[in-house]
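Good morning, and thank you for the time on today's agenda. I would ask you to keep the structure in view while I speak.

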Amino acid sequence: MGRFHRHDDGTVHTHEHGDHSHDHGDHSGYETGTQRIDVLESIFAENDVRANINRNAFESNGIRALNLMSSPGSGKTTVLAASLDELNGDVAVGVIEGDIATALDAEKLEGRGAQVSLINTNNGFGGECHLDAPMVNRALQGLALSDLDLVIIENVGNLVCPAEFDVGEHAKAMVYSLTEGEDKPLKYPVMFRAVDVVLLNKIDLAPYLDADLETYVAHVRMVNPTATILPVSARTGEGMAAWFDWLRKFAGAIPTTASPGESG
Ligand SMILES: Nc1nc2c(ncn2[C@@H]2O[C@H](COP(=O)(O)OP(=O)(O)OP(=O)(O)O)[C@@H](O)[C@H]2O)c(=O)[nH]1
Ligand SMILES: [Mg+2]
């Protein structure tokens with residue numbers, strides 16, 4: 001069982017076995033709970049310091065930054081490729097491409113008018129399941145920030161860890177594919193709760209999956225009443241105009257009364 005977790009407000013809480021009347025007899029894990037929490041708190045604290053450094057770097061260059069997250073294969077890179085093609089010549093975009101290994105996604109985004117900076121999290125010990133602020137800070141060295149309006153960070157494909165790390169972004173978006181099943185917001189609420197936008201992707205597959213879009217939307221709403229939910233197909237382009245519109249507003253390229261990502 002997990003003995004710590006980080007709340008949306010950034011605090012870390014622990015549940016020791018001694019808190020409960022039962023004892024699972026599980027002594028294989030961490031006997032030193034307090035020390036472990038100290039380490040985690042300092043990791044998150046250090047991350048948040050670096051995240052603010054990143055945010056200041058973005059803001060001093062007039063950049064808006066978006067953290068794009070999802071399970072593996074939901075469609076982040078496909079959405080990004082279409083977005084770069086759409087904004088090319090209009091909005092100056094930089095991409096930070098986070099992957100455990102390979103340059104495969106970074107290569108798919110080449111030639112679309114954007115600067116791309118790749119960061120592999122593989123450190124020889126298996127690779128991190130998320131980007132943290134220090135990694136994004138290193139990736140920033142690969143971008144000419146003064147030339148950019150918008151930076152999109154493609155996080156490592158994972159439905160849990162990326163949502164826990166502020167990397168200095170101004171808003172979080174996620175891609176939720178119909179193929180993942182309609183129960184995912186309920187089973188993995190942390191990311192669904194953390195995001196400003198949910199792209200409900202692969203709607204072209206709805207007939208084959210016998211999927212009911214309304215149930216997907218209702219489940220997202222149960223954990224996140226305010227997120228913008230956009231049903232799209234990055235494959236066919238259906239619904240993508242609304243996403244491009246959101247991105248342009250976010251980047252400040254078209255006027256808006258309330259900037260997306262600043263409402264919540
Ligand atoms: N049918 C359909 N397929 C899609 C759609 N969007 C993406 N795909 C396919 O889904 C697969 C995964 O898409 P990616 O864009 O690589 O997903 P990703 O989230 O970037 O994956 P990771 O970076 O590995 O986590 C690819 O084969 C895409 O062509 C869509 O709207 N409809
Ligand atoms: Mg990808």
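I shall go through a strand, some loops, the salt bridges and a surface patch.

A word of caution comes first: this is a predicted model.

Let me begin with strand E4, which covers residues 93–99. How many of its residues are buried? The count is 7 of 7, and the strand is accordingly described as mostly covered. Val93, Val95, Glu97 and Asp99 point one way from E4, while Gly94, Ile96 and Gly98 point the other way. That pattern accords with a general rule: in a regular strand, side chains alternate between the two faces of the sheet. Residues on both sides of E4 are buried, and the acidic Glu97 and Asp99 are included among them.

E4 has partners. Strand E6, residues 150–154, runs parallel to E4 and is joined to it by 5 bridges. Within that pairing, Glu97 stands opposite Glu154 of E6. Strand E5, residues 115–120, is also parallel to E4, with 6 bridges joining the two. Here Asp99 has Asn120 of E5 as its bridge partner.

The loop between strand E8 (197–201) and H7 contains Lys202. Lys202 is not a glycine, yet its phi is positive, at about 70°. As background, most residues other than glycine have a negative phi. Lys202 is partly exposed, because its relative accessible area is 21%, and the cut-off for buried is under 20%. Ile203 belongs to the loop between E8 and H7 as well. With 11% relative accessibility, however, Ile203 counts as buried. Which residue lies 5.3 Å from Ile203, C-alpha to C-alpha, although 30 residues away in sequence? That residue is Ser233.

Is Asp210 buried or exposed? It is exposed, because its relative accessible area reaches 73%, and exposed means over 50%. Asp212 is found in the loop between helix H7 (206–209) and helix H8 (213–223). At 39%, Asp212 is partly exposed. Together with Glu182 and Glu214, Asp210 and Asp212 gather in a surface patch of negative charge.

My last topic is charge pairing. Side chains of opposite charge can pair when their charged atoms come close. The structure holds 9 salt bridges, and I shall describe some of them.

In helix H1, residues 33–60, Glu46 and Arg50 are 4 residues apart, about one turn of the helix. They form a salt bridge whose closest N and O atoms are 3.2 Å apart. Both partners count as partly exposed, Glu46 at 39% and Arg50 at 29%.

Asp105 and Lys108 are both in helix H3 (residues 104–108), 3 residues apart. Their salt bridge has an N to O distance of 3.9 Å. Asp105 is buried, at 12% relative accessibility.

Glu86 and Arg248 form a salt bridge with closest N and O atoms 2.6 Å apart. This pair links distant parts of the chain: Glu86 is in helix H2 (residues 76–87), and Arg248, 162 residues away, is in helix H9 (residues 240–251). Glu86 is partly exposed at 33%, whereas Arg248 is buried at 15%. Asp90 joins Glu86 and Arg248 in a network of salt bridges.

That concludes my presentation, and I welcome discussion.

Key
Residues are numbered from 1 along each chain as its sequence is written. Chains are lettered from A and ligands numbered from 1 in the order in which they are written. This is a predicted model: local features need pLDDT of at least 70, side-chain atom pairs count only at pLDDT 80 or more; totals for chains, interfaces and linings use all residues. Side-chain values use heavy atoms; hydrogens and water are left out. Patches are made of residues with over 30% relative accessible area and no salt bridge: like charges are joined within 9 Å, nonpolar side chains (Val, Leu, Ile, Met, Phe, Trp, Tyr) within 5 Å. Accessible areas come from the Shrake-Rupley method with a 1.4 Å probe; for residues, only the protein chains shown count as cover. A salt bridge is a side-chain nitrogen of Lys or Arg within 4 Å of a carboxyl oxygen of Asp or Glu. Lys and Arg count as positive and Asp and Glu as negative; His and the chain ends are not counted. The place of a charge is taken as NZ of Lys, CZ of Arg, CG of Asp or CD of Glu. Buried means under 20% relative accessible area, exposed over 50%, partly exposed in between (1.4 Å probe, protein chains only). Two strands pair if DSSP finds at least two bridges between them.
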